[in-house]
Amino acid sequence: MSHLRVELRQRAEELIALYPRPRSAMLPLLHLAQEQDGYLSEAGIEEVAQLTGTTPADVRGTAAFYDMYHLEPVGKYVVGVCTNIACLLAGGIELLEHASSTLRCAVGETSDDGLFTLEETECLADCDFAPCVQVNHRFVRTTTAATFDALVSDLREGKRENEIPSHGTLIRVRRNGGLRAQKNDVNTERTDAKAARDQRAEEKA
Amino acid sequence: MAVLDSPRIVTARAQYDDSHTLARYVATGGYEGLRKALTLFPEEVAREVDDASLLGRGGAGFPAGRKWSMLRKSQISYLVVNGDESEPATFKDHFLVERDPHQLIEGVIIAAYALQVNQAFIFLRGEFALGLERVQQALNDAYEHGALGSKIFDSNFSLDIVVHPGAGAYICGEETALIEALEGKRGFPRIKPPFFPAVNGLYGEPTVVNNVETMANLPWIVLNGGKAFAGLGGGRSTGTRLFALAGRVKNPGIYEIEMVKNTFRDLIYDPALGGGITNDATIKAFIPGGVSAPWFGPDMLDLPIGQDEVAEKASMLGSGSVVVLDETSCVVRAAWRIAKFFSRESCGQCTPCREGSGWIERAMYRLEHGGGRMEDLDMLLDLMDNIAPGLTWPPQQTTICVLGPSIPSSVHAAIDMFRDEFAEHVKLQGCPFD
């Protein structure tokens, strides 16, 4: 019995097919598990272990290394405010403090209504819109306290669902073709390429 | 005065809102470089890149052509593109993947053809949700267009490209850590030697790892010739380069400028570029190449922006990120925040980096927030000497990768250049800028 929904399970299998070795699909698969549950649940971890030919302990240990994976449940919206150098110089720490009071939750915590988790992030590479804010890893470019508050009321009223989907950085990433996806053997292609090179070398000579 | 008449090599489509679409890409000469490359021998394509003297745009500045030729003796198995852009205040690759994904993909196909590789991976930061969507969409469209997949443009060359998401770890920008992440493991940098993934890369096979911006330059280089590229810039720094300008400037943003022809003063003050300091304040210092680089004072403003020019002054052009601090910026707070970054991002394999970064962060925290002592400065210098012996630039290394020796750069520069400001913090037992 698959813990992942049918559609996600299918996407997981498609992803594994893209790589020479199944374990290489670990990070994208963990993104999928998180897309379904909002965090990495025990059942999600077990399924990723099964799919990648590893153990749940190995999966958990790998996931714990990476900031984007949540090993505990989080809010519907994970709000990240950057305070690294460019944002610091533009008032990032002050915006983070403001965010904490608007969202009524401490940094690293989830609000009582379960809607928001607030994180202090490292540089998000959007420094021309400093201080930089991401919601569920979408750049929202609200650089002032006022625009941040407007965003939060929109989110509370469910107005930005299209622009800011729920969890899952791969939620709209879908591959629809290509060599491996069609299960062609890339090695045959490589032999072809070598033969072609030899042939062209001959012609040129 | 800034020299701004050089060709736009990687930002040619920046003016269009639909610059990320195949239609716009093809309408503006897209995939012509690839078509031309396929009429040449792979070795000839590699020679153009060699002639261009294209220095890798990721941070280390290693010549891309040489990286490739080291490998040509053996059959290369994989090409991996490093789009894990995480060096603080660097946002050029973010721009390239979101705004011009086809240019990146065309560059990757050209590189793969030159190396005769049939499998490439584009590793992107997991935080680039839109970038991942755009690159995958562009890949889908490129397959459809015949630019990717079996028998590209009816040639005998075939290539598959997979876009791979990271999951939030600065260290994965280090190429061996990136390979580990691509193998589905923790991003632990591998022990050197071998120094290059060319010897032992993905799944233990010969692998080339190149930066996103390096790839984005290739279509232009093939179309216009490596010599035309090498005709721009000066010395070892050829062509144009993207600079991410951030911090206390009026117009932060991405600027493509010709190497060496412009100075840091041009980049920061020219009305067409940075436009000067926020509120016309006075510049205090600037970081010339990402937070791993030692800082410069205003006396370095007239230094030409070039790889060797900056290296000669004991810093580096690094990832192409320039951060400006002005009279309103607290250098202790800035250096503390950078130390905190390294402390959070140390992978924990090597003791000097894992323990040292935390000690530095805590000592800097108390200097900034109260509780600091003047003796802390000597303690910090001694501690940093244990991570990067001699505190010279380029640094000596006691760790597996260069994250460790990058930690002291900012704190060392701050203590060196602004000892008075530390003294003021100690006297006040807090921050005078609060």
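Domain bounds here come from an automatic or database domain assignment. This is a predicted model; local features need pLDDT of at least 70, side-chain atom pairs count only at pLDDT 80 or more, and totals for chains, interfaces and linings use all residues. Residues are numbered from 1 along each chain as its sequence is written, with chains lettered from A and ligands numbered from 1 in written order.

**View 1. Two domains of chain A.** Chain A splits into domain 1 (6-63) and domain 2 (77-156). Their C-alpha centres are 29 Å apart.

**View 2. The sheet of chain A.** Four strands form an open, mixed sheet in the order β2-β1-β3-β4. Strands are DSSP E runs of at least two residues, helices H or I runs of at least four, both numbered from the N terminus. Strands pair if DSSP finds at least two bridges between them. β2 (116-121) and β4 (138-139) of chain A are the edges, each pairing on one side only. β1(A) (77-82) runs parallel to β2(A) over six bridges. C82(A) faces T121(A) across this pair.

**View 3. Helix α3 of chain B.** α3(B) spans residues 42-52. Its buried residues (20 or more other C-beta atoms within 10 Å of their own, C-beta atoms being placed from the backbone) are P42(B), V45(B), A46(B), E48(B), V49(B) and A52(B). They line one face because they fall within an arc of 150° seen down the helix axis, taken from the directions from axis to C-beta atoms. Just after the helix, S53(B) has a positive phi of about 50°.

Note on methods: A residue is buried if 20 or more other C-beta atoms lie within 10 Å of its own, exposed if 12 or fewer, and partly exposed in between; C-beta atoms are placed from the backbone.
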